[in-house]
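The sequence and the model come first.

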Amino acid sequence: MRTEADHILPKGVSGLNLDEFPRVTLSHGPTPLEPMPRLSEHFGGPNIFIKRDDCTGLGTGGNKTRKLEFLVGEALSENADILVTQGAVQSNHVRQTAAAACRMGLDCHGLLERRVPGVGKDYETTGNVFLDHMFGATLEFREAGLDMNAEALAVVEKLSAEGRRPYFIPGGGSNATGALGYAVCAQELMAQSEERKMNIDWIVMGTGSTGTQAGLVAGLFAMDADIPVMGISVRQKRDVQIKAVHGLVEKTSAKIGAGSIPVAKVIVDDGYVGDGYGIPAQSTLEAVMMAARMEGILLDPVYSGKGFAGLVGMVRDGFFKAGDNVVFLHTGGSAALFAYQDVLSGHFSQG
Ligand SMILES: *Cc1c(COP(=O)(O)O)cnc(C)c1O
């Protein structure tokens, strides 16, 4: 029974209990929260930290690992024998799903959309695609512009008819089950900030299929933690992305019993997309090179590079106060660097 005291006490980390959801362990977690001292000094503004979700440990790591802990947990609870999912050709999500399948003794089938125009001939064999093959996933390619979740669901039906027990994971693992993984990350960040007696003033991250931002926002809200999360869009216009993220925020919040969350909690900047998904802008390439050369951190040219370009742009625009603690969520993706060697090596001579 709820007493009056329950309403007065801040909920904190204990305000969010995810024990009821099936889950498998795929990640090293908690991932490190590290300072970026050279970069912070370079800008002379906020204190910049990096949450190392590139180091989740599964098949070169990345943000999909956390989502897959709950998705694969649910798949096993339904006695599935094959994971079916989809993504763009250089999908980090398909690669991590393929690795998770290996770890759990399942098969994996991935549909890859040729979403990025004008790529070279190696794009479909190197980077993440190479790793998909390493993990024994079966792959099918699709031309751009199809409803890829519908394509994957058609494959699910076909496999079921053949007597397989497929489990469907939507693109990016972004449904309310997958987003629970980022409620866990929100919990980890709160625990790390309490441990260090360090307030977190902002979280900045790249946002695509929405599950990461939605899980963070819902998780923070459930803990009464009023930390704004800035999603740097890698693909869609601001309004479209806000609507999509908020839709999943509400579903995730309902799942964890946290109640309705105002749309104002979903903050997105679309100023770093450049020419579109998978096409690095100048600011993306600059950000990737800056993180590599100032901090020894590998970002990627599709997601975390755009996210980090957003952080750099915000610092330069004077968005943060001096002394603010800003956490960049490194969502991974460095395997895709190898599919973008040509465009990146053009920047190797810059200081
Ligand atoms: C998928 C992905 C993202 C975006 O996360 P969403 O949950 O899809 O919004 C960011 N960074 C990397 C490296 C990713 O692979």
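Which residues does Lys51 touch, not counting residues up to four places away in sequence? In this predicted model, Lys51 touches Thr31, Pro32, Leu33, Arg66, Cys185, Glu188, Leu189, Gln192, Val327, Phe328, Leu329 and His330.

Lys51 belongs to strand β2, which covers residues 47–52. Its relative accessibility is 0%, so Lys51 counts as buried. The side chain of Lys51 is in polar contact with the side chain of Glu188, at 2.7 Å. Lys51 and Glu188 are also members of a network of salt bridges, together with Asp53 and Arg66.

**Salt bridges**

Side chains of opposite charge can pair when their charged atoms come close. By the rule used here, the count comes to 17 salt bridges.

| Side chain | Side chain | Distance, N to O |
|---|---|---|
| Arg23 | Glu69 | 3.0 Å |
| Arg52 | Asp54 | 2.9 Å |
| Lys265 | Asp226 | 2.9 Å |
| Glu286 | Arg316 | 2.8 Å |

Are Arg52 and Asp54 buried or exposed? Arg52 has a relative accessible area of 15% and is buried, because the cut-off for that class is under 20%. Asp54, with a relative accessible area of 13%, is buried by that cut-off.

Lys265 is partly exposed, with a relative accessible area of 32%, and Asp226 counts as exposed at 64% relative accessibility.

Glu286 and Arg316 meet in a salt bridge as well. This pair links distant parts of the chain, 30 residues apart: Glu286 is in helix α10 (residues 282–295) and Arg316 is in helix α11 (residues 304–316). At 33% relative accessibility Glu286 counts as partly exposed, and Arg316 is partly exposed with a relative accessible area of 48%.

The protein is divided into domain 1 (4–62 + 175–350) and domain 2 (64–173). The contact takes 42 residues from domain 1 and 35 residues from domain 2. The C-alpha centres of domain 1 and domain 2 lie 23 Å apart.

The size of an interface is often given as the accessible area lost when the parts come together. Here domain 1 and domain 2 bury about 3100 Å² between them, with 61% of it on carbon and sulfur atoms.

How many salt bridges does the rule find across the interface of domain 1 and domain 2? The rule finds 3. Across this interface there are also 16 residue pairs in polar contact, both at pLDDT 80 or more.

On the side of domain 1 that touches domain 2, the elements giving two or more residues are α7 (176–195) and α8 (211–222). Of the elements on that side, α7 gives the most, with 9 residues. The residues of this side of domain 1 divide into 19 nonpolar, 17 polar and 6 charged.

**Asn92**

Asn92 lies in helix α4 (residues 92–104). With 7% relative accessibility, Asn92 counts as buried. The side chain of Asn92 makes a polar contact, at 2.9 Å, with the side chain of Asn128. Not counting residues up to four places away in sequence, Asn92 touches Lys64, Asn128, Tyr303 and Gly333.

Note on methods. Residues numbered from 1 in each chain as written. Predicted model: local features only at pLDDT ≥ 70, side-chain atom pairs only at ≥ 80, totals over all residues. Heavy atoms only, no water. Helix = DSSP H or I, 4+ residues; strand = E, 2+ residues; numbered from the N terminus. Buried < 20%, exposed > 50% of the residue type's maximum accessible area, 1.4 Å probe, protein only. Polar contact = N/O pair within 3.5 Å; in protein donor to acceptor, adjacent residues only side chain to side chain. Contact = heavy atoms within 4.5 Å. Domains from an automatic or database assignment. Buried area = accessible area lost by both parts, 1.4 Å probe. Salt bridge = Lys/Arg side-chain N within 4 Å of Asp/Glu carboxyl O. Nonpolar A, V, L, I, M, F, W, Y, C, P; charged D, E, K, R; others polar.
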